[in-house]
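Let's take a walk through this model together, starting with the whole chain and then stopping at some individual side chains. Keep the viewer open as you read.

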Amino acid sequence: MPHDPLATRARLSEVRYEIRGELARRARELEAQGRELVKLNIGNPGAFGFRAPDHLQRAIADRIHDTDPYTHQQGLPAAREAIAAFHRARGAIDADAERVFVGNGVSELIDISLRALLNPGDEVLLPSPDYPLWSAATILNDGRPVYYRCKVANDFLPDPDEIEALVSSRTRAIVLINPNNPTGATYPRALLERIVRIAEKHGLLLMADEIYDGVLYEDARFQPLAPLAGDVPCLSLGGLSKVHRACGWRVGWGVLSGDARRCAGFQHAMDLLGALRLCANVPGQFAIEAALQGADTIAPLCAPGGRLHEARRAVLDSCAASEHLQLVAPSGALYAFPGVVGDAASGFEDHAFALELLETEGVLVVPGSSFNVPYRNHFRVTLLPEPDVLRDVFARIDRVLQRRATARRAAPVDLATRRAASG
Ligand SMILES: Cc1ncc(COP(=O)(O)O)c(C=O)c1O
């Protein structure tokens, strides 16, 4: 092969982000041709009519004249102090503004933190299914994702014994996504305590992606990881994108907790990498104090009568009424991750299904395999549309699955008929 100076980074071939991939591109083509689509691929509240709360918008508008300069690489001191106080109030008693890192969304902090941690060949324990940025960032920072399974049969909860069995001499960190994207699982305290003990025993960093920490349904409770971790090094990630419906502002934060001596090198690396990208977007940082000290605006949306509660109910009811779908009810976050069962599941391939659904019914979903699972019979939808839209979407999904089930049921008969005809 001749040398190609424009050849891209080799490991990019291992990276997928299908939430905005091939299917989303096809959707844009269809829209350009005038098709009206229902796009359920991205958990982007603002695209579904949700707004960031007024008091957050005002907090930015009031300080817009102060947003021209760079801030400190870790973020505005007042914003970091508000984040540390928020974490202390929920039990992380040693949370300190000096160990808070504000980033351009949690996305940037996932990348920076893995870059700070990994040497080539190091392993990161990731959930399967995962939010695929975690896999991508592990790979692009020269690491190796090692997946622990969160099985349907276990309501998508991880098995700590399996996590421990996967620890090797190369393991550096355990990533937890709680509440979980894409499954909606929220992890009980006893389970988290067991995972903390594993990290402690093997000297691993805990990385807790808690961006959906306030998005909870029915009697689900969120248990932050840092208070349980105590001295065990833990990076807790949160932000304004979901709970405060401000994805576009690109505001996320990481809070490092645990034994200061053990964390010092990692803390320094985070600071250095933060300094190299100068600082996070400044306007959004002015909303952080308002968000963390002001009224809880997400709980009413998740409570009975609230838009997200009713949207989730519409999905639960639709899946319960369908002979083709099985759903572990999400107890948190903004998604449902149904599985296809029965005749419709035979020979099912999630990507082909998603394409057929898009082409024939104008609905865009994300195939389950985009979330790094070995099985091919799941898909993800976001709970952000109006409940009636979701009911209509699931009627369309059922239509496609019914067609598939009918074709499957007919297939053996056809074969038998053909055999009879040829015999
Ligand atoms: C689990 C999880 N982590 C991180 C992110 C990224 O969020 P941000 O907008 O803060 O970059 C998302 C976005 O959907 C997510 O679902």
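**From the whole fold to single side chains**

Residues 24 or more positions apart account for 74% of the contacts in the protein chain with a separation of 6 or more. Please keep in mind that this is a predicted model. The chain holds 15 helices and 14 strands. Its radius of gyration is 23 Å, close to the 22 Å that the globule rule gives for 423 residues, so the chain is as compact as a globular protein of that length. Along the principal axes, the C-alpha trace spans about 80 × 55 × 50 Å.

What share of the 423 residues is buried? Buried residues make up 56% of them. The accessible surface comes to about 18,300 Å², and 52% of that belongs to carbon and sulfur atoms. As for annotation, an unreviewed UniProt entry lists residues 36-386 as "domain: Aminotransferase class I/classII large". The end C-alpha atoms of that span lie 16 Å apart, and the span is 36% helix and 17% strand.

Now zoom in on Thr-382, which is found in strand β14 (residues 379-382). Is Thr-382 buried or exposed? Its relative accessibility is 0%, and because buried means under 20%, Thr-382 counts as buried. Polar atoms of its side chain lie 3.1 Å from the backbone oxygen of Leu-334 and 3.2 Å from the backbone nitrogen of Leu-384. Leaving out residues up to four places away in sequence, Thr-382 touches Leu-40, Ile-42, Gly-43, Phe-48, Leu-334, Tyr-335 and Leu-390.

Let's turn to charged side chains. Side chains of opposite charge can pair when their charged atoms come close. A search of the whole structure finds 32 salt bridges. One of them joins Glu-31 and Lys-39, at 3.1 Å from N to O; Glu-31 is partly exposed at 30% relative accessible area, and Lys-39 is partly exposed at 32%.

Asp-161 and Arg-194 also meet in a salt bridge, at 2.8 Å from N to O. This pair links distant parts of the chain, with Asp-161 in helix α6 (residues 160-166) and Arg-194 in helix α7 (residues 189-202), 33 residues apart.

Arg-409 forms a salt bridge with Glu-323, the closest N and O atoms being 3.2 Å apart. Arg-409 lies in helix α15 (residues 387-422) and Glu-323 in the loop between α13 and β9, so the pair ties together parts that are 86 residues apart in sequence. Finally, salt bridges that share partners join Glu-356, Glu-361, Arg-399, Arg-403 and Arg-404 into one network.

Technical notes
Residues are numbered from 1 along each chain as its sequence is written. This is a predicted model: local features need pLDDT of at least 70, side-chain atom pairs count only at pLDDT 80 or more; totals for chains, interfaces and linings use all residues. Side-chain values use heavy atoms; hydrogens and water are left out. Helices (H or I, at least four residues) and strands (E, at least two) are DSSP runs, numbered from the N terminus. Buried means under 20% relative accessible area, exposed over 50%, partly exposed in between (1.4 Å probe, protein chains only). A polar contact is a pair of N or O atoms within 3.5 Å; within protein, one must be able to donate a hydrogen and the other to accept it, and residues adjacent in sequence count only if both atoms are side-chain atoms. Contact means heavy atoms within 4.5 Å. UniProt positions are given in the numbering used here, feature names are shortened, and annotations may be inferred rather than shown by experiment. The radius of gyration is taken over C-alpha atoms; the globule rule is 2.2 Å times the number of residues to the power 0.38. Accessible areas come from the Shrake-Rupley method with a 1.4 Å probe; for residues, only the protein chains shown count as cover. A salt bridge is a side-chain nitrogen of Lys or Arg within 4 Å of a carboxyl oxygen of Asp or Glu.
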